[in-house]
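Hello,

Here is the structure I promised to pass on. Please open it first, then read my notes below.

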Amino acid sequence: MKMKAFRLVIIIVFFSISATLTAQNPIHYDLPDQAFHDALELYFKRQYGAARKQFEEFIRASPHDAQAAEAEYYRALTALKLFHLDGEPKVRRFAEERSFHGRSNRALFEKGNFFFHEKDWVRAIESYEDTQADRLKEEEQQLLAFRLAYAHFARRNFDEALEMFNRIKRGKHTYAAPASYYAGFIHYQKNEYDLALLDLERISQNETYSAIVPYMIANIYYRQEDYDRLIAYYEGIKDRQEIRNQEEVELLVGESYFRKGEYKRANTYFSRYLENEGKLAGDPIRFRMGFSYYADGNFEQAVELFLPIATKSDSLAQFAAYYLGAGYVKLENFERSVSAFQTAANLKHSPQLSLQSKFELAKVAFQTGDYQRVIEWAAEINQHEIKLSAKDQQELDELLADAFLNTSNYPLAIRHIESMKSPGLYLREVYQRVTFLQGVKEFNDGRYARAIEFFNRSLKESLDQETVLAAHYWKGETYSIGRRYEQAIASYQEVLNIGIESNNPYVVNSRYGLGYAYFNTRDYEQALVHFRAYVRAEKEPNEDNFFHDALIRLADSQFATKVYSAAINSYSQAINNKNPQRAYAYLRRGIIHGILENRESALQDYEQVLKNYPNSDSYDEALYQHAELIFQMGEFNRSIDRFSKIITERKKSPFQPYARLRRGLAHFNLEQYDRAKDDYDYLLTHHITHSTANSALLGMQEVLNLKGDEDQFDNYLAKYKAANPDNEDLKVIEFDAAKNLFFAQRYERAISSLQDYLNNYPQTNFRAEANFYIAESHFRLDQAGLALSYYMKVVDQEQGSRTNASLLRIGDIYRGSGREKDAISYYEKLDELASNDRQRLDARMGLIQSYFSLTKYDEVIDYANKIAQMDNVNPNGVRRAQLFLAKALHAKGNFNQAILEYARVSQEFSDQLAAEADYAIAEIEHKRSAFDRSNELLFDFNKKYAAYSTWLDASFLLIAENYEALGDDFQARATLKSIIQHSPNTSTVSEAEARLSRMDDMPEENPEAKEEDFPRFQDFTDQ
């Protein structure tokens, strides 16, 4: 393996140069001249500048003196020691010109010593090689040989140096030990470990080296991968206090145990090293320490070591991130494990490790219920250039199949399976299930054509019979909503044909669906059969069935087929079961009693409605039927009071025209002709196209005849003919043809045909309805402005059943264009005129949304509470109101109450309303600085609402914001990178990129010290 050079501990034994020896043993000479004596004294005092000057004066004064050559020698040395440019040339010239002088060879030796001390290895080598060693003393010869070898060593001329050190180390002199040391080092560098050991062990007891060589010997054992020998060696020296680099030696022992797989023992030495030298440990060492802790089950310590390495981008960072993720999994900190594995997956140094990281991500996602991510990671893994092992691939396939069954992002599952060339039996069954579930989702979101499409795709597989039954049933439900009753009947009938058990929920509910389909096509005989079968199957009402409603419709079917006694029994059963439609049951039973001339029983039933259910939709009809029955009993005065009550107190009642007609007839019977005339006149003026107008015209004719005012009748007759011209049957056929274009969704053709119809028959009874369908066609073509004008026409005509629907549309159009104040006036009018709770709900929801846009939160709260108190309202309508109630409380800063209301919206639901509510709760916790709690909620959010990409993106951005607020930049960055990598929403990706860029631009408050800031050994281990 590739190893790094260890730090050299250079032990250089410097011996005194000859000048020093001379200084200790002065040369005895006769002093011919005081000048030479003074110069020599200055030289030995190291006053080289003054000494040179004196020597030069002496040479000039006595050039031929016997001591002149000696003076030239010292002058050359002083120039060299003074670093004068002429120093080296003077020494060289002296050696050349005075070659026979005793000082010539020493001059070269001294020159070598000078350059050696100056670390000018080239000129030192040159000088030493010019020196004749045999002319030096023995000790100086040893010094020259060692220094020459060391100069080659310093020049990294290892072969030349090793040859010299090997010769020197064999002696028994001062330089033998240093020579063995450097010879050992060179052998080490050349991977000649056995030879290195021989040299190092030779000096292991030397006082100078006994503290140094253990570290080198331990390194050699480590390089030889002789871990047992290293450990044994350490045991023999561990008590020696003088050993240098004790921590590094112990680190090698820890590394040895690590390589042996004895992680618990390795941890003993790693822990000690971290305690003493932790700041100096490089990433490779810290990684192995972390792995050792991980393998030994100390996951907290492991992730602490892996984390700073994983923040980098080199190959070691990829491994660290992988094991960081694995450590977090062991600690069940899954959200952090995801960030770590994503980091490892995104680094590409090891494609195999990147693939394995994605596999781990898929497993973590499944473990935490984030099934959408399982599918996404599986897709990436299956497209990867490298493949998983067969065992891992099988595990992934099993995870993927289970994820498909659990995910709420069914389109992703469907696309994935459809992209597979030959999915197995299990995945085909999964496909059957998820296409069905997507069909149900499309149904719940009101996209009925797409719902049918997915139900049909599900029915292509028949592996799971329960899913087949469910798909046929929901096809029937979808067709029923679209009023395509023939197709609905066929789909429900498929359930009955396939269903083995009569009590299967789909079989039972299909009976209910068939009952309604036949009921709506007025095939009451068949409707009766299926409603009766449903009621018998359910036996009694509960919160999960339609027993109450089916019983009422059974009674209605019995009524329509004139099976009166059975109908009375069914209505009575509904009353006794406290059916929510009790008022309706009393009314219908009363009508039957009236038909059977059980007038007292009929009156009692009507009075029950009038007394106990004044706010019910049946009240007006009960009031009318009560008055009509009294009329039929001949109590005309009493009936007039009842009819008048309808006319004066129930002004918006559809029974107004009938009440006026019957009151007019009662007045006529009492010979109150003027009053009768007033009622008939009102009908012929305000309701001339109503079905009662014909009877009113006949009544008016009789009154005028009795009063002798026959000539007035022609005016009434002319007005009636103008409003009701001939060929009514043809007009009906023509109108139905134009209207059917609307129901076929051919809106442009519908607009053209309906406008032609109105142009041809300007006084038609269908004027309001035609304008309504023109408006609806424009609306569905996204032509809101054109639609608005036609809705206004419907409202201005103030007749027909389309008025309230038009009021709602006008309000919606104004609200959609930002004209909330205008919208409010129409919603308020609809709330006032509403004939049922559904219309009241629509009006009040419009008011809630308009007031919310105007930041009038008290009004929002008021109307939301009104909706909560309404009966017979779709639960989703109540939840929508609750959501706005929560948002209003949220906006007002009432966070605690807002959270309670948001929780009610999301309880037991996982639709878009619930997604918005749960996100808002997490957002509130963020605003409260409860960042951990906010993230905890958001992690659950991501599992539950994977299908809603807008809210999913918002949740991940908020998670990153929470991490940043917590100071956890690693998690924040990993989350943002995940968004950038996986989000299909370009605006979300741009937002994540902007946040990541902002984080990258922020200066570090406490930047970590860099490795080069510390004086330390170089790492000798590889990665």
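Phe 55 and Tyr 74 are both buried. Keep in mind that this is a predicted model. The two residues form a stacked aromatic pair. Phe 55 belongs to helix α3 (residues 48-61) and Tyr 74 to helix α4.

Now look at Tyr 73 and Phe 94. Their ring centres are 5.7 Å apart and their planes stand at 50°, so this pair is tilted. Tyr 73 sits in helix α4, while Phe 94 sits in helix α5 (residues 87-97). The pair therefore ties together parts that are 21 residues apart in sequence. Both Tyr 73 and Phe 94 are buried. In total, the count of aromatic pairs comes to 81.

**Helix α4 against helix α6**

How do these two helices pack, and at what angle? Helix α4 (residues 68-81) meets helix α6 (residues 104-117) at about 10°. Their axes are 11 Å apart. That angle makes α4 roughly parallel to α6. On the α4 side, the contact is made by Tyr 73, Leu 77, Leu 80 and Lys 81. On the α6 side, the residues include Arg 106, Glu 110, Phe 114 and Phe 115. By class, the contact has 6 nonpolar and 4 charged residues, and no polar ones.

**A buried glutamine**

Gln 656 is in helix α36 (residues 656-669). Is Gln 656 buried or exposed? Gln 656 is buried, because its relative accessible area is 8% and the cut-off for buried is under 20%. Its side chain reaches the backbone oxygen of Ile 647 at 2.9 Å. Beyond its neighbours within four places in sequence, Gln 656 is in contact with Ile 646, Ile 647, Arg 650 and Lys 651.

Most residues other than glycine have a negative phi. Two residues here are worth a look for that reason.

- Glu 225 has a positive phi near 60°. Glu 225 lies in the loop between α12 (213-223) and α13 (227-237). At 47% relative accessibility, Glu 225 is partly exposed.
- Asp 782 has a positive phi of about 60° and is not a glycine. Asp 782 is in the loop between α42 (767-780) and α43 (784-797). With a relative accessible area of 72%, Asp 782 is exposed.

Best wishes

Technical notes: Residues numbered from 1 in each chain as written. Predicted model: local features only at pLDDT ≥ 70, side-chain atom pairs only at ≥ 80, totals over all residues. Heavy atoms only, no water. Helix = DSSP H or I, 4+ residues; strand = E, 2+ residues; numbered from the N terminus. Buried < 20%, exposed > 50% of the residue type's maximum accessible area, 1.4 Å probe, protein only. Axes fitted to C-alpha atoms, helices over the stretch in contact; angles between N-to-C directions. Parallel < 35°, antiparallel > 145°, perpendicular 65-115°, else oblique. Contact = heavy atoms within 4.5 Å. Nonpolar A, V, L, I, M, F, W, Y, C, P; charged D, E, K, R; others polar. Polar contact = N/O pair within 3.5 Å; in protein donor to acceptor, adjacent residues only side chain to side chain. Phe/Tyr/Trp six-rings, centres within 6.5 Å; stacked < 30°, edge-to-face > 60°.
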